[in-house]
There are 2 protein chains.
Amino acid sequence: MNDEFYMDLAIKKAWQFLVLTYPNPAVGCVILDENGRILSIKAHKKAGFLHAEPLAILFALFSKNGEILSEFLRLYNQFFNTNFKNQNELENADLDAKFSYDFILKNHSNLLKNATAYVTLEPCAHQGKTPPCANLFVALKFKSVIISQSDLNKIASGGAKILKDAGIAVKMGVLNDEGKKLLEPFVSWQSGNFSFFKLAISKNGVATGGIISNLKSRTHAHELRGVLDLLIIGGNSVRTDRPRLDARLANAKAPDVLIYSKRDDFDKTIPLFNVPNRGVKISNSLCNLNAKLIMYEGGENLLKEMINHKISNLKWLLIYQSSQFKTGRNVMLDFSLNPLFQSKIDDGIYGWYELC
Amino acid sequence: MNDEFYMDLAIKKAWQFLVLTYPNPAVGCVILDENGRILSIKAHKKAGFLHAEPLAILFALFSKNGEILSEFLRLYNQFFNTNFKNQNELENADLDAKFSYDFILKNHSNLLKNATAYVTLEPCAHQGKTPPCANLFVALKFKSVIISQSDLNKIASGGAKILKDAGIAVKMGVLNDEGKKLLEPFVSWQSGNFSFFKLAISKNGVATGGIISNLKSRTHAHELRGVLDLLIIGGNSVRTDRPRLDARLANAKAPDVLIYSKRDDFDKTIPLFNVPNRGVKISNSLCNLNAKLIMYEGGENLLKEMINHKISNLKWLLIYQSSQFKTGRNVMLDFSLNPLFQSKIDDGIYGWYELC
């Protein structure tokens, strides 16, 4: 299989955590051993969590030698007084970056000597809580690092140079267009803001009449709400649906809400007004929002206004689509989308789309 | 990565050719070298074409040694007076099975010694135009063959025994449920018939108002038409759309058509009546169809009748869905689907679904 095959695995993995990594970029990493066997396919999941590269390296080591996993579990549980029992539990945990990084340096036993990494974004050269990711590849004596996008961030860039200076073969620009698209939200919120519209519809296009999307889709939406700067919803939806708009399915903080409405005479017993630690604003303007990551929620009316009047810099849609046909009228709008990423989510699908 | 990861690659590859292999089963095969590197991911594409296993083995050899590809091109072009220039052209060709099989036996140079194969269906033990696929793994000294489904076909079964008797490690039942679902159409048409309904809708559920799905989707539908025993269409669609219902986009034979209608006073200048070498029947009964592979095409009315009255043994739907929102009324029905396979197809998606 060629470089594109492995980079595609890394990119698809990263898409699963798109926006959830805010304010960090979504990054995926695939590690092959010296013989080309896939050892791990990982992605950065959330700001504060391990970067894609050390996570992939850690799991690659577990895959090479089960005793390294046992040792990691033993030391980690001892040090942090946790009770992780297996690889699966580690996978979804907020592992301490410094501990994990040091563990890798002490326990790699040259098992990844001459290994290859595929990374969607140039490994960072940035000394933060941990040393740069690029240094990790050098310390473990990787043979080659294949990269889709170079890092334009001034603080973090320079990783490719570190790798090359250490004699690692570096190839840039593999699946360049796909890698660039994956990075677009990050680039947007770094230089201004990134806005997307979330829509849930049945297979035959119905958005109304009770819950449309499955629990996993709604949990994903709550995870997104948990990282937003601002959630914008149309006044009609608030009046009709009386929503709470919190992030309870993800055990996360409810986002601040802007109700886009000309009138401000809302019934304040509507649940969204009574969520602790949340700001609510009512406004008929979408200018000067002072938020870098914004999700619009709503139905046909708000979406129509967004698209027809281009009242914001809305570029992307997130669509959850169930596998049910429902008797009901569809969202009756007229526009074309370019699918960027689509994935099964339990018995439905969801996808990120850009407006054509 | 575990066995399930590689079997999933084989299963997904096979789904791409579902039904197109009629009357053969859809089968996928992944080959890893002795170190676990992926060498090829292939599927059986069409009856008469190479089985998944020799195709995957052939391309695995090309991947191990580029000179084997050059030699294959040279000998094949010489023998059959063809002009294949590269691997891509071979990939989509109807390669001669006997020639390819013999070439593998003569040129493998033990390059796949200790290799591993993942096959969605037990390799055949059937001496047809070529020796059994199982023998090929034995001759090339594979270390292990991982299988999802055992072959219940009396003529072809026994492959696992051949492998085991030769000392190859055999593991059965990996991704058993997924492998079984992939095989369901084959099992159905072997014991009676397999019927599915083809529907094309926009992202918001509109099935009317001109062409809905993209060219690649329509070409796929024509490829399907090319292998059908019978295409069934509702009388209303014939009157309204005046279709041709041939398989021109796939350069294939137009299928026989049954128009499901109470009245038989059709305008015989409607193109479907004037396609050479095609039978057309008009009937208000869907009993005793004497066809093993049947596709229903139509819109809301026919689908409604099929689902509400269960007038046939319809179990699966094939849905092409564009990424466009269209102003128009949606297909307004009420039923649930279980997605079996969904895939991007240019700027749209398509999927196989079973009725819940």
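This is a predicted model: local features need pLDDT of at least 70, side-chain atom pairs count only at pLDDT 80 or more; totals for chains, interfaces and linings use all residues.
Close-up 1. How many of the eight residues of β6 (residues 194–201) of chain B are buried? Eight of the eight are, and the strand is mostly covered. Follow the side chains along β6(B): B:Phe194, B:Phe196, B:Lys198 and B:Ala200 point one way, while B:Ser195, B:Phe197, B:Leu199 and B:Ile201 point the other way.

**Close-up 2. The open sheet of chain B.** Five strands make up this open sheet, and their order is β2-β1-β3-β4-β5 (chain B), with mixed pairing. Which strands form the edges? They are β2 (38–43) and β5 (169–171) of chain B, each pairing on one side only. From one strand to the next, the twist averages 15°.

Now step inside the sheet. β1(B) and β2(B) run antiparallel and are joined by five bridges; B:Ile31 has B:Ser40 in β2(B) as its bridge partner. These two strands form a hairpin with five residues between them, where B:Gly36 takes a positive phi near 90°. Although β2(B) is an edge strand, six of its six residues are buried, so it is largely enclosed by the rest of the structure. Strand β1 (residues 28–32) of chain B is also joined to β3 (residues 116–121) of chain B, by four bridges, and this pair runs antiparallel. Here B:Val30 stands opposite B:Tyr118 in β3(B).

**Close-up 3. Two helices that pack on the sheet of chain B.** Helix α8 (residues 176–191) of chain B packs on the sheet and touches β3 and β4 (144–149) of chain B. The direction of α8(B) makes about 65° with that of β4(B). Helix α2 (residues 52–64) of chain B lies across β1, β2 and β3 of chain B. Relative to β2(B), helix α2(B) runs at about 150°.

**Close-up 4. Helices α1(B) and α8(B) side by side.** Helix α1 (residues 3–15) of chain B packs with α8(B) at an angle of about 15°, and their axes are 11 Å apart. Why call them roughly parallel? Angles under 35 degrees count as roughly parallel, and α1(B) and α8(B) are therefore roughly parallel to each other. Their crossing is left-handed. From α1(B), the contact uses B:Ile11, B:Ala14 and B:Trp15; from α8(B), it uses B:Glu178, B:Gly179, B:Lys181 and B:Leu182. Sorted by class, these residues are four nonpolar, one polar and two charged.

Close-up 5. Helix α3 (residues 66–80) of chain B and helix α5 (residues 97–107) of chain B pack at an angle of about 140°, with axes 12 Å apart. The two helices are therefore oblique to each other, and α3(B) passes α5(B) in a right-handed crossing. On the α3(B) side you can pick out B:Ile68, B:Glu71, B:Phe72, B:Leu75, B:Tyr76, B:Phe79 and B:Phe80, which meet B:Phe99, B:Ser100, B:Phe103 and B:Asn107 in α5(B). This contact has eight nonpolar, two polar and one charged residues. Here is a handy rule for reading such a list: an α-helix has 3.6 residues a turn, so residues three or four places apart point the same way.

**Close-up 6. Strand β1(A) and its neighbours.** Moving to chain A, five of the five residues of β1 (residues 28–32) are buried, so this strand is largely enclosed by the rest of the structure. Both faces are covered, with A:Gly28, A:Val30 and A:Leu32 on one side and A:Cys29 and A:Ile31 on the other. β1(A) pairs with β2 (residues 38–43) of chain A in the antiparallel sense over five bridges, and A:Val30 has A:Ile41 as its bridge partner there. In the turn of the hairpin they form, A:Gly36 has a positive phi of about 90°. Four bridges join β1(A) to β3 (residues 116–121) of chain A, and these strands run antiparallel. A:Cys29 stands opposite A:Val119 in β3(A).

Note on methods. Residues are numbered from 1 along each chain as its sequence is written. Chains are lettered from A and ligands numbered from 1 in the order in which they are written. Side-chain values use heavy atoms; hydrogens and water are left out. Axes are lines fitted to C-alpha atoms, for helices over the stretch in contact, and angles run from 0 to 180 degrees between N-to-C directions. Angles under 35 degrees count as roughly parallel, over 145 as roughly antiparallel, 65 to 115 as roughly perpendicular and the rest as oblique. A crossing is left-handed if the near helix is turned anticlockwise from the far one by less than a right angle, and right-handed if clockwise. Contact means heavy atoms within 4.5 Å. Ala, Val, Leu, Ile, Met, Phe, Trp, Tyr, Cys and Pro count as nonpolar, Asp, Glu, Lys and Arg as charged, and the others, Gly among them, as polar. Two strands pair if DSSP finds at least two bridges between them. Buried means under 20% relative accessible area, exposed over 50%, partly exposed in between (1.4 Å probe, protein chains only).
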